[in-house]
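Here is my note on the two-chain model you sent.

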Amino acid sequence: MKVYITKSEATGKNIVVDDMILTTDMPTTAGSKMLDGYMSLFEAQAVTALKENGYTICGKANTGEFNLDLLGETSHFGPCEENGVLKGAAAQTVKMGDAMAAVTLEVNGSSARAAALAGLVMMKPTYGTVSRFGTIPAACSGETVCVTAADVDTVKEVLTALKGHDDKDGTSLPQEKCVLGQAMPAKKVAVAKSLLTADADTLAKVEAVKAKLIANGVEVVEIEAEQLLLAKSAWNILMSAELCNNVSKYDGVKYGYRTPNYTNIDELYTNSRTEAFGYLTKSTVLFGSETLSEANYFKVYDKAQRIRRVISEYLTAVFAEYDAILAPVCSKTEYTVEETAANKYMAYEESTYTAPSMITGIPVVVTGGVQLMGAPLSDAALLAMAETL
Amino acid sequence: MKYETVIGLEVHVELATKSKIFCSCSAEFGAEQNDHVCPACSGMPGMLPIVNKRVVDLGMTAGMMLNCDINRVTTFDKKSYYYPDLPNAYQTTQWFSPICVNGRVDIETSKGPKSIRIKQIHMEEDAGKLVHDDWSDTTLVDFNRTSVPLIEIVSQPDISSAEEAIAYLERLRDLLRFAKVSDCRWEQGSMRCDVNLSIRPEGSDVLGVRTEMKNMNSLSAITRAIKYEVARHTRALEKGTEELVQETRRWDDNEGKSYAMRTKETAGDYRYFPDPNIMPVVIDDEWFSRIEKTLPELPEVKREKYTGEMGLSEYDADQLVSSRALCDVFEDAVSVCGSAKEAANWIITDCMQVLNKKKMTADMLDINGTSLGQLIKLVSEDKVSRGNAKRILAAMFEGEIADVEAYAKEYGFIVSNDTSAIENIVKEAIAADPKSVADFKAGKEKALMALFGKCMKQLKGNANPQVLREILIAEINKI
C-alpha cells in the first residue's frame, strides 16, 4: 500500500502535505512521471506558514496526477489502497495517526471524498483565504488549500495557521477577510434535494446529520437546488481548460521528464508529454484544448463561466435565507481500484457533489461523511456548526 | 488598373521599467545570459503573477499620448503556443479588454497631413531569446528578455504607402520617447514592427488578400519590404504570377525578398482565455489623473514656446526638442538662471560635449537642471569663470551638486574680487619675466597674453579676466 514518502524527523506537531504542495527538502511530483524527482527552488506559502507556527512537515502524501481523479488512483507511483479499496494517501496518513492533519490542494473533490470515506473532518476554506503560492497549478480559478484532521478543533487550529493575506498571490483576499472570526449559532440549514442521488448508506449519513441538527434546534428544510447540478459540467470545462494551459509548461525543455526519443523540437515536445502524462491528464488536456479553441470558446468555455455566475447568484440567494446547505460528498461509501480501472471517468461522475463549491469558491466542511456548504467567508460559522455535530 | 495599398502596423515597444511585468527581476538590456531570471519568469510551477503597476502606468501614458480611450477595467489573458523561448508555453497578454482603444496619430507627409487611427494598445510580456551555437550545433535559451514588459500598438489599416508608414513610426517613436514610455531603440529590439499589407483596385472598399511580415527592426528594411510586397501583390493580381494567400512572411533584408512562413490554414489556434491568477486591474479616477499630470507637452508645443516667447533660434529649439531629457534640464535651468539663450548654449554645446565623451546619448542626460541654472547664474554674475564652470559641470555628471555656490566655494572656484591679491600675483609675474614685459612694450600683443595666462594659472582661474587685464597693463605701464 503506497501511502506517503516520510522524512526521518518527526515531532508532536506533524503535518503531512500532499504532492501538489512545493517543499524544498523533498521532491514534489504532482503524482506525475513528468515531475518524478522534481525539487523546487522555493516552498509553498502554506509550508512556510505551518513551519512558522511550530508544525513539522513530516512527509509528502501521494496524489493522483494533478489531483484530478477520484481518490489518487491515477498516481504514477501507484494508488493508495487497502485490499483493493481506494483510500486517498493524505487522509490515510491522518487516519493511521502518523500526522495530526493533512494539508492538500483540492482540485476536483478528492480531498473531500477521502475525508468523508475515512470519517475524518475536512475543511476547504473560502477561495483566497489561504495562499496558493507554491502549489502546483492545476485549475487556478477554484483550487484551494484545505485541511483534514480527526476533529474540528484540529482542523480549526491548522487553518488558523494557514489563513492570511499573501502578496505573492494576486487572488489572495485582504487580511481582515482571512481571519477566522466569531460565529453566530446556525438557525436554518437547507438540504439540497438535487444532490440526494447517493446510495442508501450515504443517504443514511445525511439523515443522521440532519437529525443532529434538528436535535440542536436548527430548522432543516429541503430545497430543490437544481441549479447545483449545472456545476459538474461547467467546473469540468473550466478545470480542463485551465489544466491544459497549466501543464503546457511541462514540455521536456527546462526540467522534468525528457524523452530520449527525439530528433527535433516537435518530437521532443510530443514524445516527452506522451510518455510522461497519464490517461486522465491526457484526456483532460485534449478536452480543455478543445473547449478553448477559437471554434468553441464562446460555445463552451465562456458559457461555463456564465454558468459559474448563475450558480454563484443562486447560492447568494440561498445563503441569504440559510446558514448552510447539507449534501452528500460522494455517491457511495467505498470505491475500488478495479472500479476506477474499468471506468476512467468516475471522478467526473462523482464531481456532481463537489463541483458546486469548487466552481464558486465557497467554503465547505466535511464531517460525518457529509458536507456542509456555506456562504463565502462563513468559514467560522461552518466550523462552529460542525463542532455541534 | 490602378491599385491602392492598405497597410496596418503592429508595433511592439519594450517599456522603460526597472523590473519585469510579473516578477521583480531586472528588465535591463545587455546583462550576461540568464542573469535576470527567477522561478517565475523561467516557468517553474507554483509561482503566481503579480502585475507590475509601473507597466500599467506606462500603458496608460502611451494611450494618453496617442489620444486613446483608457479602459478603466482591464484584464490579462493567456495565449498558448509552444516554443522553447516561452517557458510557460503561454504568453500573458491582453486579448479581451486591452488597456487602450480608439486612438489617433497625426502624421505629415509630402501629400499633406493625415490621421492614422489606433485600434488598440495592449500590455504583454516579451519572450526569451534563442541563441544558436554553430560550433556545437545546439540551440540555447536566454530567459533575460522573458517577461520584459511590452505594449503592442495596433493601428487601423489607414496607411497607404511606405512614406506614411515611416512618418507614422517616427511620430510614434517621438511621442513615446518624449513621454518616457520607452527608449524605442530599433537596434536593441526595444521597438519592433509587424507589417500587414494588402492591395486593392483604387476606390474599392473590399480589402484584398493580406500578408503579414513579422519582427521588422529598422525603418529602411520596412521601406524596402513594403515596396517589395506591393510590387509582388501587383504582379500577382495583374499578371497572375502567383496566387496570393493570407500568410505570414519573413523579410530577408540582405536578399531584399520576402518568404512564406506559414499560411492561415497552418496558423496556430492560440486558445486565449482570461488568466484566473490576475484579478482585473481597476483604474480609478485618482490613478487616472495622477498619470494625466505626468504627460509632457508635445515636442511641437515646446518648440513653438522655445522659438516664440523664449527667443531661441530654430536650430537651438530643434536640438533641444530632439530629446525629452534635454528639454527637462533646459526648462529647469532657465527657471533658475533666467536666460534661455545661455541655458540652451550650455546644454547643446557643453553638456553634449561631456555626453559624447562618455559615449552617451542625449536621452541619457540626467544632471539636475536646477543646479545647471545655478551654475549659469554664477557665470553671468562673474562669480565663477567659464573655465571653472566647465569643471563644475563635469563634476555634476558624476554626482548631484545641490548647492552649486557652496560647492564652488569649497573647491576654490569663486572669482576673487580682491584686487590687492591680483596685484601681488601680477607684480610677481612681471618681475619673473622681464623679457615678456619688454616684448609687450615693444608692441608685441602676444607677450601680454603669456603674462595673463601665467597670472590666471596662479589665481586658479578665479579672476575676472577684464580686471586682471587692466591691472596687468597698469602695472606694466608703471615700469
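1. Contact means heavy atoms within 4.5 Å. In chain A, 75% of the contacts between residues at least 6 apart in sequence join residues at least 24 apart.

2. Basis. This is a predicted model, where local features need pLDDT of at least 70, side-chain atom pairs count only at pLDDT 80 or more, and totals for chains, interfaces and linings use all residues. Residues are numbered from 1 along each chain as its sequence is written, chains are lettered from A and ligands numbered from 1 in the order written, and side-chain values use heavy atoms, with hydrogens and water left out.

3. With a separation of 6 or more, 68% of the contacts in chain B are between residues 24 or more positions apart.

4. Overall size. The radius of gyration is taken over C-alpha atoms, and the globule rule is 2.2 Å times the number of residues to the power 0.38. For the 389 residues of chain A, a compact globule would come near 21 Å; chain A has 20 Å, so the two agree. For 479 residues the rule gives a value near 23 Å, but chain B has 30 Å.

5. Boxes. Along the principal axes, the C-alpha atoms of chain A fill roughly 70 × 55 × 45 Å. Those of chain B fill roughly 100 × 60 × 55 Å.

6. Burial. Buried means under 20% relative accessible area, with a 1.4 Å probe and protein chains only. In chain A, 60% of the 389 residues count as buried. In chain B, 51% of the 479 residues do.

Definitions and conventions
Buried < 20%, exposed > 50% of the residue type's maximum accessible area, 1.4 Å probe, protein only.
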